[in-house]
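Trainee: Could you take me closely through the aromatic side chains and the nonpolar core in this model, and then through whatever else in the chain deserves a careful look?

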Amino acid sequence: MQFQKFQAVGNDFVIVRESDLPSGDCDVSHLARRICERHEGPGADGLEILLTDRPTTSADFAIRIFNADGGETPISGNGTRCVAAYLYFNDLWQSPVVRINTGAGTIALTLKERAGTRFLFETEMGEPRLSSVEIPVLLDVPRATVVREKLQIDEDEVEFTACSMGNPHCSILVDQFETVDWHELGSKIEHHAAFPERTNVEFIRVLDRRRIEVRFWERGVGPTLSSGTGSCAAAIASILNEKTDRRVEVLTPGGELVVEWREDGRVVQTGEVVAVYRAELILDSEGGASAVAYS
């Protein structure tokens, strides 16, 4: 099975055309788990499938997205940006704007720069959902916005802000990353009963009015070097808590993204993508997988 790998600020994805999937009754969730496994497969944070058909005339292409645990997710900001780069890299699209349909709606991406295998996109991420019902998060009383709410974690109480960027996010402001076991806390919050669909978790250190630093615990993946929707959620949480302006540089372990929450309510994100390699995935009769890179 032919595939290509792209990474967006350290968030890496395997991209496969639907027509290249194994014939017959393909268990895509199982395939995603094997592909994303970093010791016995190519390794990735997620699998992106470029669909053959478009479900809507408002989009140029459509995708399905699977996390490393095999679970399907509606949207990935970095992942969708990787698919856009895949389309230009393989000469499947030439116009400066490409519209990609996801499980959370259609996203428009504008190619701003290209240098060889590197691409810079400005992405229209849409309007965040702020109410507790839409996120969803279960509170004693439903809220129009979820800001500085309390969450009980074992013996401790954690203050959080939440939103949805097509997937749920729980954002926590911290003074220093070193004083928080954010891996353990992220795992517990992801599976907390307050989040019926589980949640992504961002730990945010505000540097100044225009810059934040973030660590990410992704739903169905674990710790990642960056997250597109997570960076949007972190910026929104910083703005809602009146810590930053509406245009924020988000510093992640994998690099920098720029997020602007415009006055019209829509979120725009700018970030890079890099093409990593093309390869062939060899599937054995027991579902094992290995990758052989050929360019």
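Mentor: What follows begins with the aromatic rings and the core, and then turns to the cysteines and some details of the backbone.

Please keep in mind that this is a predicted model. It holds eight aromatic pairs. In one of them, the ring centres of Phe-3 and Tyr-277 lie 6.0 Å apart with their planes at 70 degrees, and because an angle over 60 degrees counts as edge-to-face, that is the name this pair receives. Phe-3 is buried at 3% relative accessibility, whereas Tyr-277 is partly exposed at 21%. Another pair is made by Phe-119 and Phe-121, whose ring centres are 6.3 Å apart and whose planes meet at 15 degrees, so this pair is stacked. Both partners are buried, Phe-119 with a relative accessible area of 1% and Phe-121 with 0%. Ring pairs also join Phe-6, Tyr-86 and Phe-89 into a cluster.

Phe-6 leads us from the rings to the core. The largest nonpolar core has 24 residues, and the members that touch the most others are Phe-6, Leu-87, Val-98, Ile-100, Phe-121 and Val-273. At least two core residues come from each of S1, strand S2 (11-17), strand S4 (61-67), helix H2 (77-89), strand S6 (97-102), strand S7 (105-115), strand S8 (118-126) and S17. Helix H2 gives the most, with seven residues. In soluble globular proteins, nonpolar side chains tend to be buried together. If we leave out residues up to four places away in sequence, the contacts of Phe-6 include Phe-13 and Ile-15, Cys-82, Ala-85, Tyr-86 and Phe-89, and also Val-273, Val-274, Ala-275 and Val-276. Asn-11 and Asp-12 are among the residues that Phe-6 touches as well.

The charged end of Arg-215 sits over the ring of Phe-177, at 4.3 Å from its centre, and Arg-246 lies over the face of Trp-261, 4.7 Å from the ring centre.

As for the cysteines, the count of disulfides comes to zero. Cys-170 has as its nearest cysteine sulfur that of Cys-163, which is 10.0 Å away, and Cys-170 is buried at 0% relative accessibility. For Cys-232 the nearest cysteine sulfur is again that of Cys-163, at 8.4 Å, and Cys-232 is likewise buried, with a relative accessible area of 0%.

Ile-135 and Pro-136 are joined by a cis peptide bond, with omega at about -10 degrees, and Pro-136 is placed in the loop between S8 and S9. Strand S9 (residues 146-153) then runs antiparallel to strand S10 (residues 156-164), the two being joined by six bridges, and Val-158 in S10 is the bridge partner of Leu-151. Two residues lie between the strands of this hairpin, where Asp-154 takes a positive phi near 55 degrees although Asp-154 is not a glycine. Asp-154 is exposed, with a relative accessible area of 53%. Glu-242 also has a positive phi, near 60 degrees, without being a glycine. Glu-242 lies in the loop between helix H4 (228-240) and strand S15 (247-252), and is exposed at 65% relative accessible area.

Notes. Residues are numbered from 1 along each chain as its sequence is written. This is a predicted model: local features need pLDDT of at least 70, side-chain atom pairs count only at pLDDT 80 or more; totals for chains, interfaces and linings use all residues. Side-chain values use heavy atoms; hydrogens and water are left out. Two strands pair if DSSP finds at least two bridges between them. Helices (H or I, at least four residues) and strands (E, at least two) are DSSP runs, numbered from the N terminus. Rings of Phe, Tyr and Trp (its six-membered ring) pair if their centres lie within 6.5 Å; planes under 30 degrees apart count as stacked, over 60 as edge-to-face and the rest as tilted. Buried means under 20% relative accessible area, exposed over 50%, partly exposed in between (1.4 Å probe, protein chains only). A charge sits over a ring if NZ of Lys or CZ of Arg is within 6 Å of the ring centre and within 35 degrees of the ring normal. A nonpolar core is a set of buried Ala, Val, Leu, Ile, Met, Phe, Trp, Tyr and Cys residues joined through side-chain atoms within 4.5 Å. Contact means heavy atoms within 4.5 Å. A disulfide is a pair of cysteine sulfur atoms within 2.5 Å.
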